[in-house]
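Please open the structure in a viewer and keep the sequence panel at hand.

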Amino acid sequence: MSRSPGRKQENHKISRELFVLTYGALVAQLCKDYEKDEDVNACLDRMGYSIGIRLIDDFLARSAVKRCRSYSETADMIAQVAFKMYLGVTPSVSCSSATGNEFSLILDKNPLVDFVEELPAERASLCYCNLLCGVIRGALEMVHLAAEVTFLQDRLKGDAVTEIGITFLRKPEDRKHRR
Amino acid sequence: SVAELQARLARLGHHVGLRALDALVARERPGRRETKVLGVLLFVKGPLWRALFGREADKLEQANDDDRTFYVIEREPVVNTFVSVPRENSSLNCAAFAAGLLEAVLGAAGFPARVSAHWHKGTTLMIKFDEAVIARDKSLEGR
């Protein structure tokens, strides 16, 4: 990789395998540290949150996107730009409520579980990729959008696809008054 | 404490290194396994580092007085990119993760060693091979 002088940002690319294996090592270590699945999930979510609040700066700097004017634009941005930039996959977005503030991202390929065959029997309710939920929640909070992010379906638990649900917590009308 | 944190990072790196090695060797050097110390070190500095971090390690050096000790030097390891160390823990070097990774890789490749991370010329990973490894290497050279 050559570096041209005068480039403001350095694109540090590491191997995908290294990233996926490191995430796996992290989850394995957490499983050793905590007995209950809920604790591991909470810890992953917290870590994801710390990452998300910092990642949003990197994302905004690199993608130079304009401000999103609606929740559905935001959800599309997360799926088509952010996921593509950081994980190399593009989940599909669907809106699952009449009020327009609940969306789900459906991932048919999840790079984080490349080397995971199945969850061990004693860890049946572990949300392996819960870090992603924390990242999305943290990033959204830094742009003043409170949201709840959880896994609705998980391939590792036997569902057909992996689905992340994002529920924006303020009513859509409020956005018009924000300047 | 700093030593504990570094030990945990090294353990995580160990976990990763064990799994990363086979895939990497199969891709980079199909059919040939490194049997000499220098060979495996050059493999580490070049192909391994490039596959993992996107660039080669900056320097590979041998200690002047000790033929068991080698240094892999990197001015700015990728692992430390977003890490800011508070002053009270200033001796913590998160490249301990890379050290654990390297230790697992060398061990699984048949060159057991101890690897530690130090703040020296940037970040230096100090590799100390077991006596048996050096003795074996010398006898191979003699043939």
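Predicted model: local features only at pLDDT ≥ 70, side-chain atom pairs only at ≥ 80, totals over all residues.

Two residues are in contact when heavy atoms of one lie within 4.5 Å of heavy atoms of the other. Among the contacts in chain B between residues at least 6 apart in sequence, 57% join residues at least 24 apart.

**First stop: chain B as a whole**

Select chain B and colour it by secondary structure. The chain holds 4 helices and 4 strands, and along the sequence they follow the pattern α-α-β-β-α-β-β-α. The radius of gyration of chain B is 15 Å, close to the 15 Å that the globule rule gives for 143 residues, so the chain is as compact as a globular protein of that length. Turning the view along the principal axes, one finds that the C-alpha trace of chain B spans about 50 × 35 × 25 Å.

Next, display the surface of chain B. Its accessible surface comes to about 7,800 Å², and 52% of this belongs to carbon and sulfur atoms. Of the 143 residues of chain B, 43% count as buried.

**Second stop: the sheet of chain B**

Hide the surface and select the strands of chain B. In which order do the 4 strands of the open sheet lie? The order is β1-β2-β4-β3, with antiparallel pairing. The edge strands are β1 (59-62) and β3 (113-119) of chain B, each of which pairs on one side only. From one strand to the next, the twist averages 20 degrees.

Begin with β1(B) and β2(B). A hairpin through 6 residues joins these two strands, which run antiparallel and are linked by 4 bridges. Within this pair, B:Gln62 stands opposite B:Phe70 in β2(B).

Move on to strand β2 (residues 69-74) and strand β4 (residues 123-129) of chain B, which pair in the antiparallel sense over 6 bridges. Here B:Ile73 stands opposite B:Thr124 in β4(B).

Select B:Thr123, which lies in strand β4 of chain B. Is this residue buried or exposed? B:Thr123 is buried, because its relative accessible area is 3% and buried means under 20%. Leaving aside neighbours within four places in sequence, B:Thr123 is in contact with B:Val72, B:Ile73, B:Glu74, B:Arg75, B:Pro77, B:Asn80, B:Asn93, B:Ala95 and B:His118.

In soluble globular proteins, nonpolar side chains tend to be buried together. The largest nonpolar core of this model has 39 residues. To locate this core, select B:Leu48, B:Trp49, B:Leu102, B:Leu106, B:Leu125, B:Ile127 and B:Phe129, which have the most contacts inside it. The elements that give two or more residues to this core are α1 (16-33) of chain A together with α1 (2-28), α2 (37-53), β2, α3 (96-108), β3, β4 and α4 (131-142) of chain B. The largest share, 9 residues, comes from α2(B).

Centre the view on B:Leu48. Apart from neighbours within four places in sequence, B:Leu48 is in contact with B:Leu24, B:Phe43, B:Leu102 and B:Val105. Another core, of 38 residues, lies apart from the largest one; A:Leu30, A:Leu87, A:Val113 and A:Cys133 are among its members.

Now select strand β4 (residues 162-168) of chain A. Of its 7 residues, 6 are buried, so this strand is largely enclosed by the rest of the structure. Strand β2 (residues 102-107) of chain A runs antiparallel to β4(A) and is joined to it by 6 bridges; in this pair, A:Leu107 has A:Thr162 as its bridge partner. Strand β3 (residues 147-153) of chain A is also antiparallel to β4(A), with 6 bridges between them, and there the bridge partner of A:Val149 is A:Ile166.

**Last stop: A:Glu73**

Finally, select A:Glu73, which is found in helix α3 (residues 71-87) of chain A. A:Glu73 is partly exposed, with a relative accessible area of 27%. Not counting residues up to four places away in sequence, A:Glu73 touches A:Arg67 and A:Cys68. For a sense of distance, draw a line from A:Glu73 to A:Tyr34: these residues are 39 apart in sequence and 38 Å apart in space, C-alpha to C-alpha.

Conventions: Residues numbered from 1 in each chain as written. Chains lettered and ligands numbered in written order. Heavy atoms only, no water. Pairing = 2+ DSSP bridges. Axes fitted to C-alpha atoms, helices over the stretch in contact; angles between N-to-C directions. Rg over C-alpha atoms; globule rule 2.2 N^0.38 Å. Buried < 20%, exposed > 50% of the residue type's maximum accessible area, 1.4 Å probe, protein only. Areas by Shrake-Rupley, 256 points an atom, 1.4 Å probe, with all protein chains shown as cover. Core = buried A, V, L, I, M, F, W, Y, C linked by side-chain atoms within 4.5 Å.
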